[in-house]
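Me: I am new to this structure and would like to know where its descriptions come from. Could you walk me through them?

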Amino acid sequence: MERTEKREFVASFNEVLNNTGVVVVAHYAGLSVAEMTAFRSQVRAAGGSVKVAKNRLVKLALQGTELEHIAGLFSGPTVLAYSQDPIAAAKATMAFAKNQSKLVVLGGALGSTNLDADGVKALAEMPSLDELRAKLLGMIQTPASRIAQVVNAPAGQLARVFGAYAKKDEAA
C-alpha cells in the first residue's frame, strides 16, 4: 500500500467509524480463510461488516471519533466487526466465537461507551432492535378484551376480597 492509498483508507474508514453504532474487536490468529469467510458472511447477514487492517492505520482512523478510546485493543492480529445496529455485530461475533475458539473477543465500543469482552457478551444477549419492534407491535395488536382483562384484574381481585369479608361477616 502506498502512502496515498493509506491516507485514503484512513479517511474513508474514519467516516465509516463515525457512522457506526457498535464496534467489536477480536483476535483472529489461527482462523483459516474458509473460517474467516464464514465469519464475514455471518456478520454481513446480521447487517454488519468485518474489516481486517493494519493496527496503525485503524488507530489513525479512530482519531477524531467517539470510538478513539478503544485504540488500546489493537495489538496483534485484530479484526473489527461493526454495524449501525447497536447489537447486530456483537451478536454475530459472539455467535461465531461460541463455535470457534480461535476467534477471541477482546472488547469493543458502543458509541462512547467502552466494552470489555463480558460487555460485548452482555450486549450480544440483548434482543435486537427488530426483535424489540416485533414485541412492541405484538403488544399493540393484542385484542382489546385482553388489555381490558389486564386493566380490570386488580379491581376484580378487590371485589373478591370484599366479597369474602362480606361472607365472613354474614357467617359471624
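Me: What does valine 25 touch, and how do you know that these are contacts?

Reply: Valine 25 touches Ile70, Leu73, Phe74, Thr78, Val79, Val105, Leu106, Gly107 and Gly108, leaving aside residues up to four places away in sequence. Contact means heavy atoms within 4.5 Å. Please keep in mind that this is a predicted model, where local features need pLDDT of at least 70, side-chain atom pairs count only at pLDDT 80 or more, and totals for chains, interfaces and linings use all residues. Residues are numbered from 1 along each chain as its sequence is written, and side-chain values use heavy atoms, with hydrogens and water left out.

Me: How far apart are valine 25 and valine 79 in sequence and in space?

Reply: They are 54 residues apart in sequence and 5.8 Å apart in space, C-alpha to C-alpha.

Me: Why is valine 25 called buried?

Reply: Its relative accessibility is 0%, and buried means under 20% relative accessible area (exposed is over 50%, partly exposed in between, with a 1.4 Å probe and protein chains only). Valine 25 therefore counts as buried. This residue lies in strand β1.

Me: What makes β1 and β4 a pair?

Reply: Two strands pair if DSSP finds at least two bridges between them, and strands here are DSSP runs of E with at least two residues, while helices are runs of H or I with at least four, numbered from the N terminus. Strand β1 (residues 22-27) and strand β4 (residues 104-110) share 6 bridges in the antiparallel sense. Valine 22, for example, has leucine 110 of β4 as its bridge partner. On β1 there is also strand β3 (residues 78-83), joined to β1 by 6 bridges and running antiparallel. There, valine 23 stands opposite tyrosine 82.

Me: Which strands are called edge strands, and what makes them so?

Reply: The open sheet has 5 strands in the order β2-β3-β1-β4-β5, with antiparallel pairing. The edge strands are β2 (48-51) and β5, and each pairs on one side only. Strand β5 (residues 113-116) is joined to β4 by 4 bridges, with threonine 113 as the bridge partner of leucine 110. The hairpin of β4 and β5 has 2 residues between the strands, and glycine 111 takes a positive phi near 65° there.

Me: Why are α1 and α3 called oblique?

Reply: Helix α1 (residues 3-18) and helix α3 (residues 55-62) pack at about 50°, with axes 8 Å apart. Axes are lines fitted to C-alpha atoms, for helices over the stretch in contact, and angles run from 0 to 180 degrees between N-to-C directions. Angles under 35 degrees count as roughly parallel, over 145 as roughly antiparallel, 65 to 115 as roughly perpendicular and the rest as oblique. The two helices are therefore oblique to each other. Among the residues making the contact are Phe9 and Phe13 of α1 and Leu57 and Leu60 of α3. The contact residues divide into 9 nonpolar, 1 polar and 2 charged. Here Ala, Val, Leu, Ile, Met, Phe, Trp, Tyr, Cys and Pro count as nonpolar, Asp, Glu, Lys and Arg as charged, and the others, Gly among them, as polar.

Me: What makes α4 roughly perpendicular to α5?

Reply: Helix α4 (residues 88-99) and helix α5 (residues 117-125) pack at about 105°, with axes 8 Å apart. That angle makes α4 roughly perpendicular to α5. The contact involves Ala90, Lys91 and Met94 of α4 and Val120, Lys121, Leu123 and Ala124 of α5. These divide into 5 nonpolar, no polar and 2 charged.

Me: Where does α5 lie on the strands?

Reply: Helix α5 lies across β1, β4 and β5, running at about 100° to β5.
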